[in-house]
Amino acid sequence: MSEDKKEYVYLGVDVGSISTKGVIIDKENRILASSYIWTEGNPIGAVKKLVKLLEEQFDSDRYDIVATGTTGSARKLVGTVLGATVVKNEITAHAVGTTTFHPDVRTILEIGGQDSKIILVENGIAVDYAMNTLCAAGTGSFLSSQSRRLGIPVEEMGEIALKSEHPTAIAARCTVFAESDLVH
């Protein structure tokens with residue numbers, strides 16, 4: 001297919017402290033390729049691996065990536081490496097992404113690898129947010145380690161927890177205390 005006949009598409013990359021995610025979408029927000037991998041303390045290496053995984057799913061003869069956006073804890077570094085068109089913080093990225101598909105949303109809860117956030121939205125705009133600052137309790141990293149301890153996939157923890165008829169009290173303010181409660 002000639003260059004002028006290719007469809008324009010967009011690459012989005014979120015490089016977090018624990019995981020790196022990527023997606024290629026078309027102008028109707030349809031997902032053409034996606035991948036989720038561990039960052040492993042190496043954001044540049046993770047992005048190189050991610051781009052390769054996306055390319056394997058992607059028909060470069062049919063599509064042309066015309067813009068790239070980055071977010072996450074390594075957004076500026078990765079944005080420079082990828083020549084990103086847009087570099088946004090997670091608060092903005094969550095608000096824009098969520099309201100694109102759910103315009104009436106008012107609250108977004110985000111559990112990241114090292115922090116958790118609540119984002120308040122009014123008329124599609126993030127108007128306030130708060131995040132944990134003292135402890136990693138309730139973060140993705142903590143939940144992942146506990147799912148391994150319990151021998152269940154982290155993706156199934158919420159569904160299993162909702163079925164509990166007698167939830168166990170867990171000290172939610174501190175990872176050390178919460179982990180101690182889980183061991184007991």
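# Report on a predicted structure: loops, sheet and salt bridges

Glu40 counts as exposed because its relative accessibility is 68%, which is over the 50% cut-off. This value and the others below were computed from a predicted model.

## Positive phi angles

Glu40 lies in the loop that runs between strand S3 (31-38) and helix H1 (43-57). Although Glu40 is not a glycine, its phi is positive, at about 55 degrees. Asn123 is placed in the loop between strand S7 (116-122) and strand S8 (125-131), and with a relative accessible area of 82% it is exposed.

Two further positive phi angles can be located. Asn29 has a phi of about 65 degrees and sits in the turn of the hairpin formed by S2 and S3. Within helix H4 itself (residues 140-150), the residues Gly140, Phe142, Ser144, Gln146 and Ser147 are buried.

## The five-stranded sheet

In what order do the 5 strands of the open sheet stand? The order is S3-S2-S1-S4-S5, and the pairing is mixed. S3 and strand S5 (86-87) each have a single partner strand and stand at the edges, so one side of each is left without a neighbour in the sheet.

In general terms, strands of a sheet pair through backbone hydrogen bonds, in either a parallel or an antiparallel sense. Both senses occur here. Strand S1 (residues 7-15) pairs with S2 in the antiparallel sense over 7 bridges, and a hairpin of 3 residues joins S1 to S2. One of the bridges links Leu11 to its partner Ile24 in S2. S2 and S3 also run antiparallel and are joined by 7 bridges; Ser19 has Trp38 in S3 as its bridge partner. The hairpin formed by S2 and S3 has 4 residues between the strands. By contrast, S1 and strand S4 (residues 63-71) run parallel and are joined by 8 bridges, with Thr71 in S4 as the bridge partner of Asp14.

Thr20 belongs to strand S2 (residues 19-26). Is Thr20 buried or exposed? Thr20 is buried, because its relative accessible area is 0%, and the limit for a buried residue is under 20%. The side chain of Thr20 makes a polar contact of 2.7 Å with the side chain of Thr39. Leaving aside residues up to four places away in sequence, Thr20 touches Val13, Asp14, Val15, Ser35, Tyr36, Ile37, Thr39, Ala46, Val47 and Leu50.

## A nonpolar surface patch

Leu109, Ile118, Leu120, Ile125 and Val127 form a nonpolar patch on the surface, and together they have about 450 Å² of accessible area. S7 and S8 are the elements that give two or more residues to this patch. One of its members, Val127, lies in strand S8. Val127 is partly exposed, with a relative accessible area of 44%.

## Salt bridges

The structure holds 9 salt bridges.

| Residue pair | N to O distance |
|---|---|
| Glu90 and Arg75 | 3.2 Å |
| Lys117 and Glu90 | 3.9 Å |
| Lys163 and Glu159 | 3.7 Å |

Glu90 takes part in two of the listed pairs. The salt bridge between Glu90 and Arg75 links distant parts of the chain, with Glu90 in helix H3 (residues 90-101) and Arg75 in helix H2 (residues 75-82), 15 residues apart. Which elements hold Lys117 and Glu90? Lys117 lies in strand S7 and Glu90 in helix H3, so the pair ties together parts that are 27 residues apart in sequence. Both Lys117 and Glu90 are buried. These residues also belong to a network of salt bridges that links Arg75, Glu90, Glu110, Asp115 and Lys117.

The pair of Lys163 and Glu159 has exposed residues on both sides: Lys163 is exposed at a relative accessible area of 59%, and Glu159 counts as exposed at 54% relative accessibility.

Technical notes. Residues numbered from 1 in each chain as written. Predicted model: local features only at pLDDT ≥ 70, side-chain atom pairs only at ≥ 80, totals over all residues. Heavy atoms only, no water. Buried < 20%, exposed > 50% of the residue type's maximum accessible area, 1.4 Å probe, protein only. Polar contact = N/O pair within 3.5 Å; in protein donor to acceptor, adjacent residues only side chain to side chain. Contact = heavy atoms within 4.5 Å. Pairing = 2+ DSSP bridges. Patch = residues over 30% accessible without salt bridge, like charges linked within 9 Å, V, L, I, M, F, W, Y side chains within 5 Å. Areas by Shrake-Rupley, 256 points an atom, 1.4 Å probe, with all protein chains shown as cover. Salt bridge = Lys/Arg side-chain N within 4 Å of Asp/Glu carboxyl O.
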